[in-house]
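Subject: Structure handover

Hello,

Here is the structure we talked about. Please open it first, then read my notes below.

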Amino acid sequence: MSVPIQFDAERAVVLSGGRSLVFHCHFYNCALQRAIEEGMGERAPKVLTEGAARAIHAQLTGLGDAIEDIPAFAEAAFRELGFGLLDLSGVGARGGAAKVQASHYAMGWTAVHGPRETPACFFPAGFIQGAVAVAHGLPLESVTVEERGCYAAGAEDCVFDVRVSEGEVAR
Amino acid sequence: MSVDERAIVEAVGGLPLVGNEEGLIPAFGLYLTRHYADYYNHVSYAYLHAAHQEGPEAVAKARAALIEAGHVCAFNTFGGIMLSQEWEAVVGPMLSGRDDWVPGIVSVINALGWGRWRLEGLTPGEELRVRVDNSYESTGYLETHGTSKVGSVCFLATGGVAGIMNLIYHGDILARPALTPDYYAELFAGTGRFVAEEVACRAAGAERCEVVARRA
Amino acid sequence: MKVLVQRDCLGGERIVEIELPRPVRLEDLDRIEGVETRTVLAHLPRPFFRLDVPGRFLLTGIVSDPRVRFTVRMAVRDRALELALEAAERLAARSTS
């Protein structure tokens, strides 16, 4: 397994890069996302994406030099942690396109709630944002990720546009 | 034979719960993610704090929604675990009767990384009192926001404790029912259901988190 | 063999539960091909086993119990029943030694 994990049996916590990892199933993941979307309306996408971006950013920062190839680690972590298959090969320091197959969130949402009109993969979008930012030494807020095709909304796979703000690209 | 938590945690911890080549973790008849507590805490507390800006009605709605997500988790995750082959093999031989299912599922929970759940008291069919040490919710809240000015914050734990009682004493998970939406409504919305309250929360200044479930 | 095909909670009918004509023995597991990860909790009074065959299925069960469960991969879900029955027949085959 690529993701370094420490299990503290006495405290019953699992840490990776100093951050806590917890098991949850797609029923809870989708129920919580639905609660946030219904409760926060237009503010929800930013909150959900930001939550993911900060989480992976914190983990990668905590693991520091232990990770040599951050995009490869991010792809491996995404898979090992059960979120699906992430392909970051189309993303560089200036942005690009990322893809997720078998998205836990998209498939889970479809199975529990049926298809939706708008993309469902806020967590994967934030994960990509955080990983790209750390991989290329960019401020988190300089990277934006938007899902332009989602399995839950009828696409074959989930596709994400990754943009890096012009000021950062110019550096 | 009584429930041996250490053996249960060791057995569950020994299962290779890692994404397969499709990026999925099938286990206990479910699909798991090994997810980030930071993510759950960020989104939950953003919602809670936004509600506090809007007023008491919004707060009540947000708290209920977050606990409801915990109910959904309990019904499907705990229910799925208790219907699984893993449960049958690992926990089954330790169960003498219905009441043992409570410490059984609490033991499995202690392998999920949620913090240490301890059974403080069980009055079968009436009340369950659970103490949670190092709950990921209160730990995360304190780290990011300091002492809570918005009351207790362990919504997943609250929904989870209610769920344990609803599955074991209000419903009958021992009879191996199908976990359908109708069954969920019967357990969590019908007469005789259990509801839980976090009566002490570390994030709100208490020494530890404590959740109590009683009939509504 | 008694077959029960169930709907998977992520969509698609790819959980296949089969009741074999006899209880599973530990040595039966050796006849499953392509196993990459094999976990047997042998110390339990009812040993649990979990065999993962990439590209095909996850097989779980309890030694001395005739019921086994195949969670077939998404990519081959259209062949769920075929793959499960093929493996179940291997499991239940009589040893020739």
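A:G96 stands opposite A:V162 in β8(A). First, the ground rules. This is a predicted model: local features need pLDDT of at least 70, side-chain atom pairs count only at pLDDT 80 or more, and totals for chains, interfaces and linings use all residues. Residues are numbered from 1 along each chain as its sequence is written, while chains are lettered from A and ligands numbered from 1 in the order in which they are written.

Now the strands of chain A. Helices (H or I, at least four residues) and strands (E, at least two) are DSSP runs, numbered from the N terminus. Two strands pair if DSSP finds at least two bridges between them.

- β6(A) and strand β8 (residues 158–164) pair antiparallel, over six bridges.
- Strand β4 (residues 85–87) and strand β6 (residues 95–101) are also antiparallel, with three bridges. Here A:L85 faces A:Q101.
- Strand β5 (residues 91–92) pairs with β6(A) in the antiparallel sense, over two bridges. A:G92 sits opposite A:G95. A hairpin of two residues links β5(A) to β6(A).

Next, the largest nonpolar core. Such a core is a set of buried Ala, Val, Leu, Ile, Met, Phe, Trp, Tyr and Cys residues joined through C-beta atoms within 7 Å. Buried means 20 or more other C-beta atoms within 10 Å of a residue's own, with C-beta atoms placed from the backbone. This core has 164 residues, and those with the most contacts inside it include A:A106, B:V211 and C:A84. Helix α3 (residues 56–82) of chain B gives the most to it, twelve residues.

Best wishes

Terms used: Buried ≥ 20, exposed ≤ 12 C-beta atoms within 10 Å, placed from the backbone.
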